[in-house]
Amino acid sequence: MDHKIGVYIDTGYGIGEALDIEALSAVATGEFKVAVCKAEPYWNEPEKLAIIRNDIANESLTAVIIAGPSPRVFQQEFSFGEVITERVNLREHVVWSHPANDEDTQMLAEDYLRMGIIKTSKYVDREPFMEETDKSILVIGGGVTGMTAALEAAKAGYQVYLVEKEPRLGGWANSFHKVFTGQPPYDEIKDSPIQEKIKAVNDHDKIKVFTGNRVFSISGAPGMFDVIIRPDGPWIEKLVKEQNEWLAAKKAKEAAGGEEAETPKTAEPAAAAEEEPPEEIDFAHETVRVGAIILAAGWRPEDVSNRKNLGYGQYPDVVTSVEFEEIATKGKISRPSDGKPVNSIAFVEAIDDEVKHPLQYASSVGSLVALKQAHYLRSTNPEGKAFIFYENMRTPGQYEKFYQTMQDDPGVFMSRGVPVAVGNGTAGLTVELKDTLLGEQMKIGVDMVVISTGMVPATKDSAILNLKYRQGPFLPENPYGFTDSHFICFPYETQRTGIYVAGCVRMPLDFQSCELDAAGAALKAIQCVELVAQGKAVHPRAGDQSYPELMITRCTQCKRCTEECPFGMYDEKPDGTPLPNPTRCRRCAICMGSCPERIISFRDHSVDMIGSMVKGMHVPDEYSEKPRVVVFVCENDAYPAVDMAGINRLQYSSFVRFIPLRCLGNINMVWIADALSKGIDGIMLIGCKYGDDYQCHFVKGSELAQYRMSKISETLQRLVLESERIEVHQLSIDEYHRIPEIVDAFMETLSGFDPNPYKGF
Amino acid sequence: MAGDKTVLVVGGGISGITAALEAAEAGCKAILVEKEPYLGGRVARMNKYFPKLCPPNCGLEINFRRLRKNPDVTVYTLATVESITGAPGAYTATIKISPRYVRDHTATSKCVEDCPAEIPNDFNYGMDKVHAVRLPYEMAYPMSLVADAQALKKVEGTAEYKAFVESCKAKGIELDLDAQPETIEVKASSVVWATGWRPYDPTKLDKLGFGTCANVITNVMMERLAAANGPTKGEIVRPSDGKKVNNVAFVQCAGSRDRNHLPYCSSICCLASLKQAVYVREYNPDARAHIFYIDLRAYGRFEFFYEKVREDENILFTKGKIVNITEDPKTKDVILEGEDILSGEKIRRTFDMAVLATGMQPNTSIEKIPAAGVSYDEFGFVISDQGIHATGVTKRPMDVGTCMQDATGAAVKALQDTVGR
């Protein structure tokens, strides 16, 4: 659409001294005939902002371009309601990193201004995605985490549906004898407060509880999830089997390296979401509509029966720490085998050299549980002796105090030690250990052995969410075996928008940490339903109102968008075209990059917009010895890094032009072709680190970009250009000092080639 | 739901930023108060996070972007809360805001390099000096200069200072050394307290050589030493002679788990040392790192990281507590003494440098919350959960990820304070 644009060039910060402002203004007024173009220092000042506001009113401007400091500053100052505001970075990206009063610096500034004006002119009017949404919240799991999440959300005023597969609420906490309270003096354990919590949940008029029920299926999207809740029954086993088969088929496909989408439909029984008439539901069920989901399905004890050496299953007096809790609730501890009082117990860790990560599910709480259970024995039997063997005693924070208390107890013996074997002795069991503090090997006789068991997330090998999503029924797992997707910085992120994970389903946690985690998940769910109701995106682009729109008539059913979206935004229609679910979208625009037909665009970000920017820059002819390079950078990390280079006045070639993308996975191959056929000599992509410890805010965007570039050879061959003209780099935000080195090395590489022969075409 | 109710968040580190943003994105207004001239707290001064060895500025930048975009969060830096009265739903707080003594248009340290006065650089734990007018660090939020008026007043009469003031003026930077602090009063429905922690004072560990041995530093100093924007531009070198560190010792539980110092476990120091050992080895592949620990507390999924680190044969582990550190007066090498728990033998070993894994002490152990009804445990952590909501390390030692979870949880409590009252 036609925009009436005002351009405001900031001459402060040395910009006015370093550039020919008149010539720069002439780009705006001459080449583009913008309505207003003014040059002044410090447009952020109130009186200058008043000038802009006046112009907006008097000249009916629909768009304003501030050509000055980085868009990373003065974002609030330079916002003018409905008027589009675009920023051209003349400070960090031009005058702070290139020589003043230099022909190439001037050309750089002019190109950035051209690109800014072109970008602005490509904004289109489009309403935010508004549909009637529901603000209720579904909580899956009625243990301590699920109940806490339900209560926190309900207390904030939201309707909650709580689904628990067991006939009663409480989860594991029901069978725990005592728990740590996390309250001073930290050297006590108390009765589990779970009964009070159950009562609070049952009494709350905003919480509807479904015990003895499971989630049969979830379809829809944030703000409009349709959840079928079904009484527990044998059906669940069939579903688990189906989903395991689906996963195995998916993994086999990935192992075969087949990224191609021609998958036989039969491999996706539970996954295919299609615009078909809803299935006949011929079983008892209830359907609820919710806006967001908290997955708090908890954990199950790790199976220790394969640790044959520990005698579990062979000797009745060898029990797991979970089983021991039940034994302890009966008061004085007696042996399962013969009911005789227990005078000595060995607590051991189920360490097994055969298992890759033996403590993957255990180490957060294993030591605490052993200490707590030793206390059970000591408090009920003054003669009792507890032997605790551990690899590392882990009692973080104030829990150390409990450890110190137990250390002071003469009836508790603690040592490093790895259990080797458990056998039958004359009076009871014998435990053989190695690597103890008392020497290499030792052997003790005890009445009972308690094996510390790991906590396996309930999502493992089970069917809990049962999403009717094209990309599958469950949350994708991270390399650690859990389902959160932005480990460290944004702990509530998952790859399914509007579904937040909390409690032991996310990692082994103690009681107190489960409550802490649940409260946070409740907030995220609330945030989601509120933002979606306003037609806005959730994190990390919270508040974004634009969303991807598809010109579906040109779709070739290649399915790349449906497969590559990290968040499962697209389902599929029967004809094979994508079915977008805008409220699932995180606005990373990876789908925009994936589409070979270029039919996916946002109001404020489109294939045409970026392509036109590339095509709009001036490319000097091949005799000028002024090569041109386009660098597509991730706006989250690489772009600020380029700013940092400017802030530190690092200097690099003036022949490069940076174009920010929402994520490097946003890169569309057509822009590469556009650039090359325009005569651009080289193209770089700079994005976040990928791999197991990926830093990409959209999980796999930078990896996808790398993958797409590996397939670019065809384009290059067609144009008869060297493959070295394209480079992809991974850069952390703190590696800004590498920018001159990366840019200049690339310029060096390009100097070995002739200029791109397409210049001037 | 939340209407325009306001949450006051005190402390602009990662917990406070998270609480303010999460509340604001859920529909509240937030006031974020930070005593330093920049947000980010301890995290801004970290080089890498464990276990991914990724830069904290990456996540901070996203959070700063959320702040820049969100008109519902008001940030006050150089500000402290003097008093809070009232109850959930209706609090009144007075905030004292100290002047920056300089006005600019998002200038940077490079803009003021001709400043004639220098001061010790707090951001780098005093390991270098910085101009008395500076941007605290290059990614600082807000991106505004701050001046040390006291230091500048000492040079006020000089020609250099006058020239500096003139050059500043030309760059749109104005100094005002006589600016006065102001006190404002704000109303809030809810208060979240997130003033975080400080490293335990290493000079109190008198046998561990801090301050007496040139090459004994703390873990937080190590973060600055390794940071590209640190005092050595990321060169991991000995303070005594600037030589590359080849053989470094990490001394765990320097203060923590010690009944005479911090009786609790600081939870994160084992992992921090694992991380530092890894980046020392990345920086200098010839280097060796030796970690002396009592228990290696790599909880949860951090176990994977511990396992990976153990694969490096140049990162050594000894289960043992170091009780004494001295230095060789000639070489300035450090000599560690202690006991090997497994063998029972005495340890006496020499290293280029020793890093004390000092623990986290809650700031509330020293600066109490200026409000009634808050209770603390014997270590100074806040334990009351009614009224003012404590979050992050104000409650207990936590890693960054857990702080973010907890701060998000604090935001739901804040939201609850704004409804149904």
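This briefing covers the fold of chain A, a sheet and its helices in chain B, and the contact between the two chains. The model is predicted. Chain A has 20 helices and 32 strands. In chain B, seven strands form an open sheet with mixed pairing. Where the chains meet, the contact takes 62 residues from chain B and 65 residues from chain A.

**Chain A overall**

- The C-alpha atoms of chain A fill a box of roughly 100 × 60 × 55 Å along the principal axes.
- Chain A counts 761 residues, and 56% of them are buried.

**A buried strand in chain A**

- Strand E16 of chain A spans residues 344–349. Six of its six residues are buried, so E16(A) is largely enclosed by the rest of the structure.
- In a regular strand, side chains alternate between the two faces of the sheet.
- Both faces of E16(A) are covered. Ser344(A), Ala346(A) and Val348(A) are buried on one side. Ile345(A), Phe347(A) and Glu349(A) are buried on the other.
- E16(A) runs parallel to strand E17 (residues 385–390) of chain A, and four bridges join them. Ser344(A) has Lys385(A) as its bridge partner in E17(A).
- E16(A) also pairs in the parallel sense with strand E22 (residues 448–452) of chain A, over five bridges. Here Glu349(A) stands opposite Ser452(A).

**A helix pair in chain A**

- Helix H2 (residues 21–31) and helix H5 (residues 103–121) of chain A pack with their axes 10 Å apart, at an angle of about 25 degrees.
- An angle under 35 degrees counts as roughly parallel, and H2(A) and H5(A) are therefore roughly parallel to each other.
- Their crossing is right-handed.
- H2(A) brings Ala23(A), Leu24(A), Val27(A) and Ala28(A) to the contact. H5(A) brings Gln106(A), Ala109(A), Glu110(A), Leu113(A), Arg114(A) and Ile117(A).
- By class, the residues of this contact of H2(A) with H5(A) are seven nonpolar, one polar and two charged.

**The seven-stranded sheet in chain B**

- The strand order in chain B is E15-E21-E16-E17-E18-E19-E20.
- Strands E15 (216–218) and E20 (346–351) of chain B stand at the edges. Each has a single partner strand, so one side of each is left without a neighbour in the sheet.
- From one strand to the next, the twist averages 40 degrees.
- Strand E18 (residues 315–327) and strand E19 (residues 334–340) of chain B are antiparallel, paired over seven bridges. Gly320(B) has Asp340(B) as its bridge partner in E19(B).
- Helix H7 (residues 269–283) of chain B packs on this sheet. H7(B) touches strand E16 (247–254), strand E17 (288–293), E18 and strand E21 (353–358) of chain B. The direction of H7(B) makes about 170 degrees with that of E16(B).

**A helix pair in chain B**

- H7(B) also packs with H8(B), at an angle of about 40 degrees and with axes 11 Å apart.
- H7(B) and H8(B) are therefore oblique to each other. Their crossing is left-handed.
- Leu271(B), Leu274(B), Ala277(B) and Val278(B) in H7(B) meet Phe302(B), Phe305(B), Tyr306(B) and Val309(B) in H8(B).
- The contact of H7(B) with H8(B) has eight nonpolar residues, no polar and no charged.

**A buried position in chain B**

- Ala93(B) lies in strand E5 (residues 90–97) of chain B.
- Ala93(B) counts as buried because it has 22 C-beta neighbours inside 10 Å.
- Leaving out residues up to four places away in sequence, Ala93(B) touches Leu8(B), Val81(B), Ser83(B), Ile84(B), Val186(B) and Ala188(B).
- Ala188(B) is 95 residues away from Ala93(B) along the chain, yet their C-alpha atoms are separated by 7.7 Å.

**The contact between chains A and B**

- Chain B supplies 62 residues to the contact and chain A supplies 65 residues.
- On the side of chain B that touches chain A, helices H1 (14–25), H3 (56–69), H8 (302–310) and H9 (400–418) of chain B each supply at least two residues.
- H9(B) gives the most to that side of chain B, with twelve residues.
- The residues on that side of chain B divide into 27 nonpolar, 15 polar and 20 charged.

Conventions. Residues numbered from 1 in each chain as written. Chains lettered and ligands numbered in written order. Predicted model: local features only at pLDDT ≥ 70, side-chain atom pairs only at ≥ 80, totals over all residues. Pairing = 2+ DSSP bridges. Axes fitted to C-alpha atoms, helices over the stretch in contact; angles between N-to-C directions. Contact = placed C-beta atoms within 7 Å. Nonpolar A, V, L, I, M, F, W, Y, C, P; charged D, E, K, R; others polar. Parallel < 35°, antiparallel > 145°, perpendicular 65-115°, else oblique. Left-handed = near helix turned anticlockwise from the far one by under 90°. Buried ≥ 20, exposed ≤ 12 C-beta atoms within 10 Å, placed from the backbone.
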